[in-house]
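Me: Hi! I have a model open and would like to go through its fold with you, one question at a time.

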Amino acid sequence: MGIPNASVVEARSTFWLTLNAAQWTDPDPLGEGTVGPLRLDYRERDPSGWLVVHLLLGRRQMTARVFFDRTIRIPVLAVPSTAHWSWWEIVMSFTPNEWLSHWPFVRQAEGHVLIGGLGLGMVVRYLQEEPTVTRLTVIERDPHVVRLIRDRLNAKVDVIVGDFWEEVRRFPDATFDSAWVDIWNEVHGTRTPEHRKAEAACRRVVKKGGVAKAWMGVVPFDTWCDFLSGSIPSPYRERNRNARPTTLLRRRRSGQARLAVASGD
Ligand SMILES: C[S@@+](CC[C@H](N)C(=O)[O-])C[C@H]1O[C@@H](n2cnc3c(N)ncnc32)[C@H](O)[C@@H]1O
C-alpha cells in the first residue's frame with residue numbers, strides 16, 4: 001500500500017477519490033430527531049454523488065471530489081432557515097472533509113484538552129477513547145447541542161455550557177496540555193482575525209509546547225497523503241477495524257491514470 005506520486009496529484013486542481021463506505025459508517029449512529037430548534041438528520045450519497053474535500057498545498061487551495069463505493073448516510077445538523085420558514089439550513093455535518101481537517105489536531109492532542117465547540121462531538125468522541133488524553137473540557141454555548149451528544153460522552157469529559165470567549169478567560173494560564181477551537185460553520189481556508197484571537201486565547205491557557213489551534217476547514221496536503229496511504233484511521237475506527245481504506249484514486253482528465261491506493265473489500 002503506497003502513496004501515489006504526490007506531484008501527480010498536485011498537477012490537477014480537481015481529482016476524484018472513491019472511499020470505502022464501510023469505513024465511514026457510524027455503527028452507533030446518533031439517531032434522527034429534533035432537540036429544540038435543531039434537527040439531526042442524514043443525507044444519503046449514492047455512488048453517483050460526491051462530497052468535496054478542501055485541500056491546502058502551501059498557500060494554494062484545491063478541491064477533491066470524494067465518492068463512496070456504496071450508499072452512505074452522512075450525519076447533518078440543521079436549523080430553521082432565516083430566509084424561508086420551510087427551509088432548513090445545514091450548520092454541521094460529518095464528511096471526510098470535516099474528519100480530515102480535524103485530524104492534525106486529533107493526532108497531536110494529549111493530556112488535559114480544551115475544546116471550544118462541541119458540535120456533533122466528532123473530535124470529542126474520538127479523543128475520549130485515546131489513552132493519551134486524560135481529560136477533556138468542552139465549552140459549548142448551545143444547550144441543545146449538549147443534549148444531543150451528552151449520552152455519548154464518557155467520564156473524561158466535562159462540558160461547560162457557555163460562550164467560549166467568556167469562559168476561556170476564567171482559566172488560569174497554562175491549565176491545559178492542548179486546545180482546539182471550532183466554533184465556525186464556514187470553511188475559511190486562511191486565518192481570519194477571529195482565528196488569530198481564538199488561537200491567542202488558547203495559547204494562554206495551554207502549557208508551553210502544547211498545541212493550540214483553530215479550525216479553518218481545509219485539509220493540509222500531507223494529511224491527505226497520509227490518508228491515502230491508509231495511516232489515518234476511520235473516524236469510527238474501533239468498530240470498523242476490518243474495513244479497508246480507500247479503494248481507488250482517479251484523475252479527472254486521464255482515464256488511464258488509475259492510481260491504486262489500496263484494494264477495497
Ligand atoms: C462546527 S461545530 C463544531 C464541530 C466539532 N468540531 C465536532 O467535532 O463535531 C461548532 C459548534 O460551536 C458552537 N459555538 C459557536 N459559537 C460558540 C461560542 N462563541 N462559544 C461556544 N460554542 C460556540 C456551536 O453551537 C456548535 O456546536
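Reply: Happy to, and one definition comes in handy: helices are DSSP runs of H or I with at least four residues, numbered from the N terminus. Keep in mind that this is a predicted model.

Me: Thanks! How many helices and strands are there in the protein?
Reply: Let's begin with the overall picture. Of the 265 residues, 36% count as buried. Among contacts between residues at least 6 apart in sequence, 64% join residues at least 24 apart. As for the elements, the protein has 7 helices and 15 strands.

Me: Which residues of helix α7 are buried?
Reply: Helix α7 spans residues 221-228.

Me: Which residue just after α7 takes a positive phi?
Reply: Look just past the end of α7, where the phi in question is about 85°. The residue is Gly230.

Me: Are α2 and α7 roughly parallel or roughly perpendicular to each other?
Reply: Two packed helices are described by the angle between their axes and the distance between the axes. Helix α2 covers residues 96-108, and its axis lies 10 Å from that of α7, at an angle of about 105°. Angles of 65 to 115 degrees count as roughly perpendicular. That is why α2 and α7 are described as roughly perpendicular.

Me: Which are the edge strands of the open sheet of 5 strands?
Reply: The strand order is β10-β9-β8-β11-β12, with parallel pairing. An edge strand pairs on one side only, and here that applies to β10 (157-161) and β12 (212-214).

Me: At about what angle does helix α6 run to β12?
Reply: Helix α6, residues 193-205, lies across β8, β11 and β12. Relative to β12, the angle is about 160°.

Me: Which residue in the turn between β2 and β3 has a positive phi?
Reply: Strand β2 (residues 33-35) and strand β3 (residues 38-45) run antiparallel and are joined by 3 bridges. Val35 stands opposite Leu38 in β3. The hairpin has 2 residues between its strands, and the one with a positive phi of about 55° is Gly36.

Me: What is the bridge partner of Arg39 in β6?
Reply: β3 also pairs with strand β6 (residues 72-80), in the antiparallel sense and over 7 bridges. In β6, the partner of Arg39 is Ala78.

Me: Last one: which residue takes a positive phi in the hairpin of β4 and β5?
Reply: Strand β4 (residues 51-57) runs antiparallel to strand β5 (residues 60-68), and 7 bridges join them. Across this pairing, His54 stands opposite Thr63. There are 2 residues between the strands, and the one with a positive phi near 60° is Gly58.

Technical notes:
Residues are numbered from 1 along each chain as its sequence is written. This is a predicted model: local features need pLDDT of at least 70, side-chain atom pairs count only at pLDDT 80 or more; totals for chains, interfaces and linings use all residues. A residue is buried if 20 or more other C-beta atoms lie within 10 Å of its own, exposed if 12 or fewer, and partly exposed in between; C-beta atoms are placed from the backbone. Two strands pair if DSSP finds at least two bridges between them. Two residues are in contact if their C-beta atoms, placed from the backbone, lie within 7 Å. Axes are lines fitted to C-alpha atoms, for helices over the stretch in contact, and angles run from 0 to 180 degrees between N-to-C directions. Angles under 35 degrees count as roughly parallel, over 145 as roughly antiparallel, 65 to 115 as roughly perpendicular and the rest as oblique.
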